Amino acid sequence: MIFVFVLWLVYTIKSWSHTQKELSLEEKQFLYYSSTSLTKSEQFKSWLMLQGYIVLPIVVYGVFSVVIGMLFGYYLLPLLIVGYIAILIGVSAVVYVRMVNHPIAAEKPSFFFSMTRSWPKPLFSLFLYHIANQLKIPLIITKAVSWIILLAVSKSFTEPENEWQLASFVALGIGVAHSVLVFEYRRFEVFYMQFSRNLPYRQVYLFLFLGLLYVLLLAPEAIGLFATYPVIIATSSLFLSSAFLLLLHSFLYLLELNMKVYLRWVFGLFISLFLLISFGLTWLLIPLVLMIAWIIFYRNYFKQQLTIQ
């Protein structure tokens, strides 16, 4: 279900991009004038209906899941599905309303940019600033999915003998939820960070910087992990999530920036690690994942494929 939620998030973000491209066409420019003649609430309702049509396959899946869940007496997951779909559609409508009412970005810098202008910005932290300034909605949705996973698993399964294994499943789910942000970081590297390959940093330091960035990105989830599980288990889970994100990032050096291909790899890695955890090999995961991530990173960092699809 985690992977399905991530796919729906990707599909929704892609629909925003498609809608923006359609609105930018010359023959569609009249929409900026006709739609803004309505009140904001009327615009919101109209875009809500349009986005519901765009994500109709997701809505049909959600209705089907609710019906099946009710028939078999399962209520939590159908409610989560309905709530998640409603959030995606509602957020999309807000994005579209803003899109048609502000077709040209303001010249003045954003509040976040003004507030952080004088802050130190080490190399590894640049993407965090980029997320906070340009990717707010994907970040919020990603964090919401992560917390849903954390709370759902911790409240539904309370067996102390399986605590380590359950925490590892949570860590893996959190990693999958952040896979979209990993892809965005790779895009950020391609478009804005090509100069970094010429800086006098050894690859091991670059790899450590990358790991530190993902640990910082997972800081909100770390709070939840430490509040839910013992310190050793929470620390292990945090490192597992970070190692999984490092592995995904390293694989992107082997792949073109193609979201469809990337998601297949995410799904394959998720299933592989899920099986290892299920067979009680949790202790092996962190060193194994880190080793594979480092080997791929070391061998391919300077051979990056820059084709973008």
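The following legends describe close-up views of a predicted model.

Local features are reported for residues with pLDDT of at least 70 and side-chain atom pairs only at pLDDT 80 or more, whereas totals for chains, interfaces and linings use all residues. Residues are numbered from 1 along each chain as its sequence is written, and side-chain values use heavy atoms, without hydrogens or water.

**View A. Helix H5 packs against helix H8.** Helices (H or I, at least four residues) are DSSP runs numbered from the N terminus. The axes of H5 (residues 76-101) and H8 (residues 136-156) come within 12 Å and cross at roughly 170°; axes are lines fitted to C-alpha atoms, for helices over the stretch in contact, and angles run from 0 to 180 degrees between N-to-C directions. H5 is thus roughly antiparallel (over 145 degrees) to H8. In contact (heavy atoms within 4.5 Å) are Leu76, Leu80, Tyr84, Leu88, Val91 and Val95 of H5 with Ile137, Ile141, Val145, Ile148 and Ser156 of H8. This contact comprises 10 nonpolar, 1 polar and no charged residues, where Ala, Val, Leu, Ile, Met, Phe, Trp, Tyr, Cys and Pro count as nonpolar, Asp, Glu, Lys and Arg as charged, and the others, Gly among them, as polar.

**View B. Helix H8 also meets helix H12.** The axes of H8 and H12 (residues 219-228) come within 10 Å, crossing at roughly 10°. The two helices are therefore roughly parallel (under 35 degrees). Lys143, Ser146, Trp147, Leu150 and Ser154 of H8 contact Pro220, Glu221, Gly224, Leu225 and Thr228 of H12. By class, the residues of this contact are 4 nonpolar, 4 polar and 2 charged.

**View C. Helices H10 and H11 pack at an angle of about 140°.** The axes of H10 (residues 179-192) and H11 (residues 203-217) are 13 Å apart. Leu181, Val182 and Tyr185 of H10 meet Leu210, Leu213, Tyr214 and Leu217 of H11. The contact holds 7 nonpolar, no polar and no charged residues.

**View D. Tyr229 and its contacts.** Leaving aside residues up to four places away in sequence, Tyr229 touches Leu150, Val153, Ser154, Glu163, Leu166, Ala167, Val170 and Ala234.

**View E. Trp283 lies in helix H15 (residues 282-300).** Trp283 and Ser236 are 47 residues apart in sequence, and their C-alpha atoms are 9.0 Å apart in space.

Methods
Parallel < 35°, antiparallel > 145°, perpendicular 65-115°, else oblique.
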